[in-house]
Amino acid sequence: MHMIERWATVATATGLIDDDGSTKPSIFSEMSALAADTGAANLGQGFPDEDGPLWIREAAVAAMLDSQNQYPPVRGVPALRQAIADHQRRHYGLSFDPNSEILVTAGATEALTAAILAFASAGDEVLTLEPFYDSHAAAIAMSGATHTTAPLRPTESGFRLDAATFRAAVSTRTKLILVNTPHNPTGTVLTREELSVIAEEAARVDAIVITDEVYEHLTFEGATHIPFATLPEMQSRTLTISSSGKTFSLTGWKIGWVCGPAPLIEAVLAIKQFLTFSGGAPLQPAVARALTEGDNDVRELRASLDERRVMLIEGLTKAGFDTVRPEGTYFVCADATPFLDGEVGDGGAFARWLPEHIGVACVPISAFCRPGSPAAHALRNWVRFTFVKDEATLRTACERLLQLTRA
């Protein structure tokens, strides 16, 4: 009964349990299925239409043919751990011992889940920004801890952290603070001033900070990603998590990592070894090469994404949406209020109506909020579109969305 009750808690927290108690698909699966059924341009789920660089994929094939197909070391192959350490030093001036302070994981999702399970339990609080990526809520629910949030608010300069509200959300029970920047779903890149507020509060209550930085290299309009661990005295309490999936358009490879102080990494390893143990044997040396030799590929991807980001923003604006210009990630958030009426009453209803009637799929921002929270209420009419699609798909979507202004 205890396990069933725990599942009910997780399912309720993530919206994956229906009124009859059955499991329902995630919002991403639901919207992608609607897109497939209606032939809609799918701007809902954020996965690239194109594979990553051919030379990286060929490196993985070469590793497969070179018999690198059995269990790799639980910490990750040495070449990849060294490449991650070199990457952190080269880009951010952060120093990590590849033998004791870096752990390779099955994507960033496993790193986040293992870290939360390692340090949070019943009676603790885990504080995230809101909206939040859905797996964050699921991992917190699995740990038995209480999920608390501090809202990001839409402004003319993007979604921004309200310092006073954040400080009020931190309590003596706050064991972990989970920071996601560049932020999914809003596309905001937290400023040094915003990160400093978080750092002050983490130090005040002696909280561990877990950072989700998977979009670290995908920033625009001059925005600069600042790793939380680079703030004064924060590296000793921070677990920095990232992945190859977004940086190199290889989301299906699920090669992620976590960097941090050796004692914290050991605790994460204790959980991780009983989740996947290890995996991606031929993919890990390919990612090591990508991190070492792929800076030009990242620059090209960022430039291409920036062009598509501008195309989508312009298309949404012409269609009549109010948007917040994202400084990073794959996503644009838009207020659907002008298109709501008695039949289509909020962002969730709008997202489910759009594929059949207009031929475009998106995701409601309410899917990234706690049910009934102030943030969920404030963003109830907002939806998220992705621009990590080919130009033809984006052009089709923008043309179809113009039907909204004529309706």
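Biologist: Hi! Is E221 buried, exposed or partly exposed?

Modeller: E221 is partly exposed, at a relative accessible area of 47%. Buried means under 20% relative accessible area and exposed over 50%, with partly exposed in between (1.4 Å probe, protein chains only). One caution: this is a predicted model, where local features need pLDDT of at least 70 and side-chain atom pairs count only at pLDDT 80 or more, while totals for chains, interfaces and linings use all residues. Residues are numbered from 1 along each chain as its sequence is written, and side-chain values use heavy atoms, with hydrogens and water left out.

Biologist: Thanks. Where is the place of E221?

Modeller: E221 belongs to the loop between strand 7 (208–212) and strand 8 (238–243). Helices (H or I, at least four residues) and strands (E, at least two) are DSSP runs, numbered from the N terminus. The phi of E221 is near 55°, a positive value in a residue other than glycine.

Biologist: And what is the phi of K254?

Modeller: K254 has a positive phi of about 55°, although it is not a glycine. You'll find K254 in the loop between helix 9 (244–247) and strand 9. K254 is partly exposed, with 39% relative accessible area.

Biologist: Which residue does a cis peptide bond join to E130?

Modeller: That would be P131, with omega about 5°. P131 lies in the loop between strand 3 (125–130) and helix 6. A cis peptide bond also joins N184 and P185, with omega about 25°. P185 sits in the loop between strand 6 (174–180) and helix 8 (192–205).

Biologist: Let's switch to helices. At what angle do helix 5 and helix 6 pack?

Modeller: Helix 5 (residues 107–119) and helix 6 (residues 134–143) pack at about 30°, with their axes 9 Å apart. Axes are lines fitted to C-alpha atoms, for helices over the stretch in contact, and angles run from 0 to 180 degrees between N-to-C directions. Helix 5 and helix 6 are therefore roughly parallel to each other. Angles under 35 degrees count as roughly parallel, over 145 as roughly antiparallel, 65 to 115 as roughly perpendicular and the rest as oblique.

Biologist: Which residues of helix 5 meet helix 6?

Modeller: On helix 5 they are T109, L112, T113, I116 and L117, meeting S135, H136, A139, I140, M142 and S143 in helix 6. Contact means heavy atoms within 4.5 Å. By class, the contact of helix 5 with helix 6 has six nonpolar, five polar and no charged residues. Here Ala, Val, Leu, Ile, Met, Phe, Trp, Tyr, Cys and Pro count as nonpolar, Asp, Glu, Lys and Arg as charged, and the others, Gly among them, as polar.

Biologist: How many residues of helix 6 are buried?

Modeller: Eight of its 10 residues are buried, and helix 6 is mostly covered. The buried residues include A137, A138 and A141. G144 follows helix 6 and has a positive phi, near 90°.

Biologist: At what angle do the axes of helix 5 and helix 10 cross?

Modeller: They cross at roughly 105° and come within 8 Å, helix 10 being residues 262–272. Helix 5 and helix 10 are therefore roughly perpendicular to each other. E110, A114, A115, L117, A118 and F119 in helix 5 meet L264, A267, V268, I271 and K272 in helix 10. The residues of that contact divide into nine nonpolar, no polar and two charged.

Biologist: Last one: is A397 buried or exposed?

Modeller: A397 counts as buried, at 0% relative accessibility. A397 lies in helix 15 (residues 391–401) and touches A41, L43 and V360, not counting residues up to four places away in sequence.
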